[in-house]
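Visitor: Hi! I have a new protein open on my screen and I'd like a tour. Could you walk me through it?

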Amino acid sequence: MGISRIKLTLYILITLSVLFTDTTFARTHYHKKQNRNHNQKGSNNGGERGSETPTIDPPPPSPDNGTVPSDPADPTNPTEPNSGPCVFDVRSYGAVGDGSTDDKEAFQSAWKAACAVESAVLLVPSDGNFMITATTFSGPCQPGLVFQIDGVLQPPGGPDCWPETDSKQQWLLFNQVEALTVKGSGTIEGNGEDWWNLPCKPHKGPHGSTLPGPCDSPALLRFFLSCKLTLKDLRIENSPKFHVKFDNCEGVHIEGLSINSPALSPNTDGIHIENTKSVGIYNSKISNGDDCISIGTGCSDVDIENVTCGPSHGISIGSLGVHNSQACVANITVRNTVIRHSDNGVRIKTWQGGTGSVTGLTFDTIYMEDVRNCIIIDQYYCLSKSCMNQSTAVYVSDVVYNNIRGTYDVRSPPIHFTCSDSMPCTNITMSEVELLPFEGELVDDPFCWNAYGAQQTLTIPPITCLQDGEPEAVVERASFGC
């Protein structure tokens with residue numbers, strides 16, 4: 001019986017030992033990565049077990065893992081869930097970027113693909129110089145589209161290179177888009193010199209004349225019938241005509257632009273807006289051969305701040321009322337702005353015979369350096385000597401000039417108010433205006449005609465010609481149609 005107990009005890013111990021050993025090996029095998037490369041250093045080729053450090057297999061990827069936001073998405077699979085912004089590089093659509101090949105088709109294909117995806121990025125990469133002929137980018141698109149220009153983007157090099165079938169009114173047209181951002185660290189180069197030298201341009205014909213003939217020249221960027229637009233951080237230069245134009249738009253934010261063209265380049269307005277509402281233009285530098293910023297008819301609620309202009313023709317409201325048309329402009333503010341070496345400072349210009357009104361303008365804290373016409377209202381604007389006097393005019397009222405300082409070119413009076421015989425300018429307010437000659441003697445005879453308002457502080461030079469109060473007859477504003 002004692003021997004039986006000993007046998008039973010040994011049997012139990014042996015059984016437990018075998019079970020414990022199998023369990024240990026099973027756990028090691030479950031966690032140990034299988035090594036299929038028997039030539040790899042550190043593999044266990046019949047050596048002592050345990051000489052290799054076991055490797056833990058990573059867990060299977062979570063269904064939530066996707067492309068990180070910084071990774072460009074595959075343009076061929078733009079709808080991958082939970083990925084970052086879909087990037088549509090124009091090179092992926094066949095763009096060459098050598099500065100001479102027409103990449104228009106590739107840009108249109110990339111636009112079509114990006115337009116269909118929410119928060120997409122159409123990328124013009126930094127390592128290319130992309131030439132495209134006149135192109136229209138049409139919406140509607142999914143919201144949040146970004147046109148990212150990090151390289152160089154340019155049109156053909158002048159009118160002789162311009163395809164006959166292409167519009168000469170604009171180069172890039174963004175039509176009926178919403179919530180679009182155009183930005184980047186790159187350059188839009190306009191190749192405008194050959195356009196400026198057309199004989200029809202001012203003073204470009206023989207002996208400084210202007211000759212008849214083809215004169216259409218394209219604006220570089222035009223935004224039409226669009227809303228919620230952002231344009232920022234780009235360098236735009238040497239446009240054949242206007243650099244940037246907004247027409248029939250609403251909700252425009254412009255910031256950080258650098259616009260450059262020569263001082264004698266004709267009709268090269270920096271930023272032009274017309275029939276456009278709710279506009280902000282901030283922290284930008286503009287030097288060109290025409291108006292730094294021009295504001296046409298149908299504009300309201302425009303805020304301009306921290307802009308440096310010059311050389312240029314200054315900041316202009318107008319021209320308005322051409323060909324007896326109606327013009328309506330309201331609520332324009334220009335503040336904390338510098339204007340240097342320019343033909344004009346802040347200007348309001350209207351044609352005789354027009355109708356409508358310009359009201360609610362504020363020019364506040366503006367520094368001028370060597371500016372020929374610092375403050376000007378001209379209701380007799382005309383481009384030739386053949387303009388006839390007419391009985392109607394665009395009404396100008398409620399204009400504030402505050403803290404305007406600096407120096408002027410003595411060839412013209414620094415302050416010039418020329419208002420219509422039939423439609424006086426009213427409610428002009430001047431405060432802390434101090435303008436001194438850049439060189440030469442003080443011009444102390446500012447010119448006023450039919451202009452009414454008040455000096456809240458002593459103005460240098462004094463504006464003795466500004467009439468107090470209101471004119472005897474003021475037309476009811478309701479009759480202006482604005």
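**Pocket and disulfides**

Guide: Happy to! Keep in mind that this is a predicted model. The lining of the largest pocket is made up of 14 nonpolar, 21 polar and 11 charged residues.

Visitor: Okay, what volume does the largest pocket have?

Guide: The largest pocket has a volume of about 1400 Å³. It is lined by 46 residues, and the closest to its centre are Asn-267, Asp-290, Lys-349, Tyr-381 and Leu-383.

Visitor: Which strands each supply at least two residues of the lining?

Guide: Look for β17 (271-274), β21 (315-320), β22 (326-340) and β23 (344-350). Each of them gives the lining at least two residues.

Visitor: New topic. How many disulfides are there?

Guide: The count comes to 7 disulfides. One of them joins Cys-328 to Cys-482, with the sulfur atoms 1.9 Å apart. Cys-328 sits in strand β22 and Cys-482 in the segment after β30 (451-455), so this pair links distant parts of the chain, 154 residues apart.

Visitor: Is Cys-482 buried or exposed?

Guide: Cys-482 is exposed, because its relative accessible area is 54% and the cut-off for exposed is over 50%.

Visitor: And what about Cys-292, which cysteine does that join?

Guide: Cys-292 is joined to Cys-309, with an S to S distance of 2.0 Å. Cys-292 lies in the loop between β18 (277-287) and β19 (293-295), while Cys-309 is in strand β20 (residues 299-309), so the link ties together parts that are 17 residues apart in sequence. Both Cys-292 and Cys-309 are buried.

Visitor: Is the link of Cys-292 and Cys-309 left-handed or right-handed?

Guide: That link is left-handed, with -60 degrees about the S-S bond. The link of Cys-200 and Cys-215 is right-handed, with 95 degrees about the S-S bond.

Notes
Residues numbered from 1 in each chain as written. Predicted model: local features only at pLDDT ≥ 70, side-chain atom pairs only at ≥ 80, totals over all residues. Heavy atoms only, no water. 1 Å grid on protein atoms, 1.4 Å probe; cavity = no way out; pocket = protein on both sides within 12 Å on 5 of 7 lines; lining within 4 Å. Points joined across faces, edges and corners; volume = space filled by probe spheres on them. Helix = DSSP H or I, 4+ residues; strand = E, 2+ residues; numbered from the N terminus. Nonpolar A, V, L, I, M, F, W, Y, C, P; charged D, E, K, R; others polar. Disulfide = S-S within 2.5 Å. Buried < 20%, exposed > 50% of the residue type's maximum accessible area, 1.4 Å probe, protein only.
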